[in-house]
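Here are my notes on this one, written for someone new to reading structures. Have the model open while you go through them.

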Amino acid sequence: MKTVNIGVIGFGTVGAGVVECILLNGDLIAQRTGLRPVITAIADLDITSDRGITLPADVPLTTDVTDVLNNPAIDVVVELVGGTTIAKDFVLQALANGKPVVTANKALLAEHGSELYAVAA
């Protein structure tokens with residue numbers, strides 16, 4: 001079965017929830033889609049707060065976002081930082097590196113969606 005290696009940027013409430021859902025439902029997702037989602041790396045400014053999730057030992061939690069953006073093993077970047085400044089930079093860098101991006105950042109898409117869609121195309 002093909003795996004999809006996921007890099008997560010932002011490990012706050014939403015990021016932790018996404019990671020938890022993937023960890024808990026990865027088998028079901030794989031069964032239904034034929035693709036196994038694997039959390040490969042997580043970047044956040046705060047890596048010490050307890051999010052109530054036990055990460056697999058092989059998933060690095062880092063403060064260096066380039067460990068996600070420039071990681072050749074990552075297939076998809078999930079941006080969950082929020083805001084429209086640094087999040088935009090992260091999305092543009094991921095796209096420049098040839099990585100598809102998933103975001104829940106409505107403000108970013110409302111303000112810069114046309115630019116981001118053009119870069120993605």
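1. Start with a definition: a residue is buried when under 20% of its relative accessible area is left, exposed when over 50% is, and partly exposed in between, using a 1.4 Å probe and protein chains only. By that rule, buried residues make up 38% of the 121 in the chain.

2. A word on the source: this is a predicted model, where local features need pLDDT of at least 70, side-chain atom pairs count only at pLDDT 80 or more, and totals for chains, interfaces and linings use all residues. Numbering runs from 1 along each chain as its sequence is written, and side-chain values use heavy atoms, with hydrogens and water left out.

3. Next, the inside. The largest nonpolar core has 14 residues, and Ile-6, Val-8 and Phe-11 are among those with the most contacts inside it. Strand E1 (2–9), helix H1 (13–33), strand E2 (35–43) and strand E4 (76–79) each give two or more residues to this core. Another core, of ten residues, lies apart from it and includes Ile-9 and Leu-69. A nonpolar core here is a set of buried Ala, Val, Leu, Ile, Met, Phe, Trp, Tyr and Cys residues joined through side-chain atoms within 4.5 Å.

4. Zoom in on Ile-6. Beyond its neighbours within four places in sequence, Ile-6 is in contact (heavy atoms within 4.5 Å) with residues including Ile-22, Ile-39 and Val-78.

How values were computed. Helices (H or I, at least four residues) and strands (E, at least two) are DSSP runs, numbered from the N terminus.
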